[in-house]
Amino acid sequence: MATTSTTGSTLLQPLSNAVQLPIDQVNFVVCQLFALLAAIWFRTYLHASKTSSFIRHIVATLLGLYLAFFCFGWYALHFLVQSGISYCIMIVIGVESMHKCCFVFALGYLTVCQITRVYIFDYGQYSADFSGPMMVITQKITGLAYEIHDGMFRKDEELTPSQRGLAVRRMPSLLEYISYTCNFMGILAGPLCSYKDYITFIEGKPAHMPQSGENGKEEVQYGRTEPSPNPAVVQKLIVCGLSLLFHLTISSLLPVEYNIDEHFQATASWPTKITYLYVSLLAARPKYYFAWTLADAINNAAGFGFRGYDRNGVARWDLVSNLRIQQIEMSTSFKMFLDNWNIQTALWLKRVCYERASFSPTIQTFILSAIWHGVYPGYYLTFLTGVLMTLSARAMRNNFRHYFIEPPQLKLFYDVITWVVTQIAISYTVVPFVLLSIKPSFMFYSSWCYCLHICGILVLLLLPVKKTPRGENPYEKAQLSRSKKFDERENYLGQNSFSTTNNICNQDQDLASRHPSLKQ
């Protein structure tokens with residue numbers, strides 16, 4: 001019998017016993033499938049063209065709270081407590097410093113909940129726990145607080161183009177705020193989205209959609225009809241099905257823990273150790289592919305997530321996508337892998353930490369990421385190793401890549417070698433993230449003689465670190481141009497206009513690719 005303690009509903013216990021999965025995981029999957037059906041109904045019968053934004057806010061919030069209480073029971077009250085107190089801070093403290101107070105409170109409340117869950121209740125249990133949704137709510141609260149601070153306190157000339165585009169010019173109402181943090185589309189698994197994009201979706205205001213024109217330049221088009229999300233939803237559901245099938249059939253046969261098995265360590269050759277390390281971490285990823293892709297499909301099914309058209313006129317439904325699987329698995333650099341993994345979290349880290357840090361932004365960003373993820377020691381070991389791997393990989397790429405651009409055969413050879421090295425380095429780095437505890441993590445690294453740590457340190461000591469001047473960043477120049485168009489339309493629509501920031505999100509993702517330390 002598959003069972004586990006849960007404060008959520010036990011209505012699906014018979015199904016849990018039948019599929020031999022813990023009840024909290026069954027509740028999570030069933031609730032997400034229910035949310036998918038609700039999203040289709042929401043788009044069909046409560047479309048912005050048929051229903052007021054007030055009704056859409058109410059329904060989205062009530063459905064979200066129902067799903068939360070079904071999955072987590074009274075623990076879901078933490079979502080309301082964290083959101084409610086943060087909103088009071090926004091109102092009482094004032095726009096000058098409320099962003100810092102909200103950041104400290106929301107992150108602190110999340111950390112206390114994580115400490116309680118890990119060290120008092122169920123250390124090491126990889127189940128659908130209540131701190132997962134709280135992580136996304138924390139991102140929304142802190143991100144919104146900074147956006148309000150930017151829009152209502154700072155001067156426009158003090159803001160970066162992306163900050164200007166995302167800035168919130170008026171205090172959200174309580175309903176708008178709770179709807180944003182607790183709506184049914186993202187209450188269980190996210191993904192994070194900007195407040196202005198969410199309000200634009202709820203209110204059904206016309207979006208200005210960037211479309212790639214000649215020479216790669218984006219041309220903003222107005223009034224073009226939003227396409228149907230159905231093809232994108234079907235495609236993502238197929239990916240979900242394949243990921244879930246792989247996770248249920250293959251992943252259990254390739255446990256990451258076997259990397260520290262004493263017999264395996266004593267008898268396996270180095271090629272065998274390397275191969276199993278890669279394969280076992282590869283098998284650990286489909287559960288993330290399933291959860292994040294399903295969450296993306298739910299948002300798309302509700303009509304949220306449209307980001308315009310590509311240069312071929314094909315609709316893009318990836319505004320809130322959290323990963324790009326093909327790019328992840330075919331990554332030829334540490335940067336490329338991180339650019340395509342947990343995308344929305346990377347954007348949040350950039351907006352609230354990296355671009356606002358007064359010193360050592362890379363180190364501060366990794367520390368924030370570790371704190372946000374949780375209190376398992378393995379998380380911190382992974383992110384400390386990640387700092388070293390990120391900096392050393394950047395140094396290697398900057399010093400050697402330009403020698404292998406031509407001819408094509410040499411470039412292909414370089415891509416194959418860097419793919420192998422990247423996959424090994426990523427797998428080596430994230431083992432503690434999966435093992436969680438400090439002792440097994442050090443057992444693994446000691447069995448590998450800390451070889452990649454040593455190589456990374458030697459690379460940083462021996463190779464010069466080349467920095468790209470900030471003013472030469474082509475993405476920043478593109479941001480300035482697009483921001484002018486955005487501001488012109490904002491002025492035309494009025495102070496309280498919440499036209500979508502799809503183009504700003506495009507810019508953020510491009511700019512974030514310049515800073516691989518932001519990806520976790």
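I looked up E203 and found it partly exposed at 22% relative accessibility (buried is under 20% relative accessible area, exposed over 50%, partly exposed in between, with a 1.4 Å probe and protein chains only). E203 forms a salt bridge with K205, the closest N and O atoms being 3.5 Å apart (a side-chain nitrogen of Lys or Arg within 4 Å of a carboxyl oxygen of Asp or Glu). K205 is partly exposed too, at 33%.

I note that this is a predicted model, in which local features need pLDDT of at least 70 and side-chain atom pairs pLDDT 80 or more, while totals for chains, interfaces and linings use all residues. Residues are numbered from 1 along each chain as its sequence is written, and side-chain values use heavy atoms, without hydrogens and water.

I searched the whole structure for salt bridges and got 12. In one of them, D339 pairs with K335 at 2.9 Å between the closest N and O atoms. The two are 4 residues apart in helix α15 (residues 334-339), about one helical turn (helices are DSSP runs of H or I, at least four residues, numbered from the N terminus). D339 is buried at 11%, whereas K335 is partly exposed at 31%. Shared partners join D150, R154 and R356 into one network. Within it, R154 meets D150 at 3.0 Å, N to O; D150 is buried at 2% and R154 partly exposed at 21%.

I checked helix α16 (residues 343-352) for burial: 10 of its 10 residues are buried, W348 and K350 among them.

I looked for disulfides (cysteine sulfur atoms within 2.5 Å) and found 0. C193 is buried at 7%, and C353 at 8%.
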